[in-house]
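Please keep the sequence and the 3D view at hand while reading.

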Amino acid sequence: MALTLKHLFAVIMLSGAFSLVSAMLFVVMDAVDVAFTEAAVGAGVSTVLMLATMALTVRVQKETKRPILFPLVVVCLVGVLLIYGTLDMPNFGAFDSPAQLHLGSTYLSITYKDMGIPNVVTGILASYRGYDTLGETVVVLTAGLGVILLLSGLKGRKDKE
Amino acid sequence: MDSNLNFIYGHLPYWLFIILMLSGLFIVVSRGNLIKKIVGLNIFQTSVFMFYISIGKMKGGTAPILLDKSANNSAVIYSNPLPHVLILTAIVVGIATTALGLALIIKIREEYDSVEEDDIQKMDQKDLKKYNKKNVLETNS
């Protein structure tokens with residue numbers, strides 16, 4: 001759909017709907033915290049930012065002819081390689097996969113003793129991986145600074161011309 | 001025969017996520033409009049998240065929020081919390097990069113008066129030709 005639509009408003013709205021549906025999929029796969037964040041950030045903030053960009057730039061995509069064969073070949077090649085890579089993976093939802101055998105169960109048993117928080121994901125995020133979360137906020141700060149620096153020049157330039 | 005079917009059912013979710021990822025990649029590579037490219041990147045990113053979360057899923061498991069706080073090894077099966085933590089961080093970083101990309105698009109549109117990749121490349125080539133001609137004239141004189 002996003003391929004053939006010319007109106008960017010429809011494209012952006014579909015992208016928001018996709019984020020919401022993916023949040024539901026995260027709930028089905030037991031990742032409620034991730035679903036929560038995806039619904040708030042992916043479907044909410046990201047859609048608003050894209051709409052703001054659209055309002056400041058253009059609303060309708062220009063008609064352009066671009067070659068389609070080369071992207072198709074690249075995409076098929078990547079797809080074949082990735083699917084070949086999954087052949088060695090354990091089944092979906094398996095109990096004996098390497099991901100389940102080691103650290104996951106340890107964290108499940110020690111988080112409540114260490115932190116007293118029943119939500120294990122929050123416990124790991126804020127405590128065991130506190131420095132990582134601090135780094136994440138630094139990334140967000142840097143991105144915010146970058147956006148401010150990029151957009152603050154807009155008005156001055158227009159006045160000069 | 002039965003084990004084959006089992007294998008296909010067990011791997012079908014991964015393949016669906018890969019197909020979703022490829023559609024995002026296709027949008028990024030084949031579309032010229034920069035806003036559409038960002039939408040494609042978002043689809044790409046979200047499908048990678050889905051793949052990660054699917055690795056942590058356990059059959060019959062529930063969300064990793066402890067029901068019985070006293071017992072360590074209760075009968076309840078919880079899905080693996082570690083991929084969830086990783087993806088929570090990734091989502092927030094993803095929105096930060098998206099915001100930066102969108103700001104760049106606004107800036108590009110101000111400079112070139114277009115958000116189509118083809119137009120921008122044409123203008124760049126024209127500028128390059130002009131610049132080269134000027135340089136040749138200066139070195140000759």
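Predicted model: local features only at pLDDT ≥ 70, side-chain atom pairs only at ≥ 80, totals over all residues.

Residues are numbered from 1 along each chain as its sequence is written, and chains are lettered from A and ligands numbered from 1 in the order in which they are written.

**Contact between chains A and B**

- In chain B, 66 residues are in contact with 75 residues of chain A; contact requires C-beta atoms, placed from the backbone, within 7 Å.
- The elements of chain B that give two or more residues to this side are helix H1 (2-30), helix H2 (34-56) and H3; helices are DSSP runs of H or I with at least four residues, numbered from the N terminus.
- H3(B) provides the largest share of the side of chain B that touches chain A, with 24 residues.
- That side of chain B comprises 39 nonpolar, 18 polar and nine charged residues. Here Ala, Val, Leu, Ile, Met, Phe, Trp, Tyr, Cys and Pro count as nonpolar, Asp, Glu, Lys and Arg as charged, and the others, Gly among them, as polar.

**Domains of chain A**

- Chain A is divided into domain 1 (1-88) and domain 2 (118-161), with bounds from an automatic or database domain assignment.
- The C-alpha centres of these two domains of chain A lie 22 Å apart.

**Helix H5 of chain A**

- Helix H5 (residues 103-115) of chain A has 13 residues and reaches 17 Å from its first C-alpha to its last, close to the expected 18 Å, which is 1.5 Å times one less than its number of residues.
- H5(A) bends by about 30° at A:Ser109, the bend being the angle between axes fitted to the seven residues ending there and the seven starting there.
- A:Tyr107, A:Leu108 and A:Thr111 are the buried residues of H5(A); buried means 20 or more other C-beta atoms within 10 Å of the residue's own, exposed 12 or fewer, and partly exposed in between, with C-beta atoms placed from the backbone.
- Their cover includes helix H6 (120-128) of chain A together with H3 of chain B.
- Just after H5(A), A:Gly116 has a positive phi of about 75°.

**Positive phi in two loops**

- Most residues other than glycine have a negative phi.
- A:Asp30, not a glycine, has a positive phi of about 70° and is found in the loop between helix H1 (8-28) and helix H2 (32-56) of chain A.
- A:Asp30 counts as buried because it has 23 C-beta neighbours inside 10 Å.
- B:Asp113 has a positive phi near 60° and is in the loop between helix H3 (81-112) and helix H4 (117-140) of chain B.
- B:Asp113 counts as exposed because it has 12 C-beta neighbours inside 10 Å.

Terms used: Contact = placed C-beta atoms within 7 Å.
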